[in-house]
Amino acid sequence: MESPGNEPDPRFTLANERTFLTWLSTSLALSAGGVAMAAVSEDVFVPWMRTVLALSLVCLSALSAAMAYPRWRRVQRALRSAAPLPPPAIAPLLGYGVAAVAVLAMILILLGR
């Protein structure tokens, strides 16, 4: 369903679509990381910590995928009405979430040596 307003420059619409697809690619990568973390050998991480890290990555994946289309729609609406683009509300959560998982994994790797 098209939003009211003027048709934006096709380059902006296509850039918005590429951004949408990038959010989905990010979601797939996070999901793959979560599955890989769950499959890590038991002697690498404590089993409950592996589960926490895997679930964190898969939850971030689901959040990224779930927010991709609403984000695309809000940006498209802003483009059609020549309004300012909305900030990506999910970006800080994804950034800090992935950083937290990475730091925790790094600590566990160092402690496991």
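This is a predicted model: local features need pLDDT of at least 70, side-chain atom pairs count only at pLDDT 80 or more; totals for chains, interfaces and linings use all residues.
Visitor: OK, and what does the secondary structure of the chain come to?

Guide: The chain comes to 3 helices and 0 strands, and along the sequence the pattern reads α-α-α. With a radius of gyration of 18 Å, well over the 13 Å that the globule rule gives for 113 residues, the chain is therefore more spread out than a compact globule.

Visitor: What does the C-alpha trace span along its principal axes?

Guide: The C-alpha trace of the chain spans about 60 × 20 × 20 Å along those axes.

Visitor: Which residues does UniProt list for "transmembrane region"?

Guide: The UniProt record, an unreviewed entry, lists residues 20–40, 52–69 and 89–111 under that heading. For residues 89–111 the span is 96% helix and 0% strand, with the end C-alpha atoms 34 Å apart.

Visitor: Switching to the surface, how much of it belongs to carbon and sulfur atoms?

Guide: Carbon and sulfur atoms hold 71% of the accessible surface of the chain, which comes to about 7300 Å². As for the interior, buried residues make up 28% of the 113 residues in the chain.

Visitor: And the charges, how many positive and negative side chains are there?

Guide: There are 9 positive and 6 negative side chains in the chain, and the centres of these two sets lie 6 Å apart.

Visitor: Let's zoom in on Gln76. Where is it, and is it buried or exposed?

Guide: Gln76 sits in helix α2, which covers residues 47–81, and because its relative accessibility is 7%, under the 20% cut-off, Gln76 counts as buried.

Visitor: Which residues is Gln76 in contact with, leaving aside its neighbours within four places in sequence?

Guide: Once those neighbours are set aside, Gln76 is in contact with Pro8, Thr13 and Asn16.

Visitor: What about Arg74, where does it lie?

Guide: Arg74 also lies in helix α2, but at 30% relative accessibility Arg74 counts as partly exposed, whereas Gln76 counts as buried.

Visitor: How far apart are Arg74 and Trp48?

Guide: Arg74 and Trp48 are separated by 26 residues in sequence, and from C-alpha to C-alpha the two are 39 Å apart in space.

Notes. Residues are numbered from 1 along each chain as its sequence is written. Side-chain values use heavy atoms; hydrogens and water are left out. UniProt positions are given in the numbering used here, feature names are shortened, and annotations may be inferred rather than shown by experiment. Helices (H or I, at least four residues) and strands (E, at least two) are DSSP runs, numbered from the N terminus. The radius of gyration is taken over C-alpha atoms; the globule rule is 2.2 Å times the number of residues to the power 0.38. Buried means under 20% relative accessible area, exposed over 50%, partly exposed in between (1.4 Å probe, protein chains only). Accessible areas come from the Shrake-Rupley method with a 1.4 Å probe; for residues, only the protein chains shown count as cover. Lys and Arg count as positive and Asp and Glu as negative; His and the chain ends are not counted. The place of a charge is taken as NZ of Lys, CZ of Arg, CG of Asp or CD of Glu. Contact means heavy atoms within 4.5 Å.
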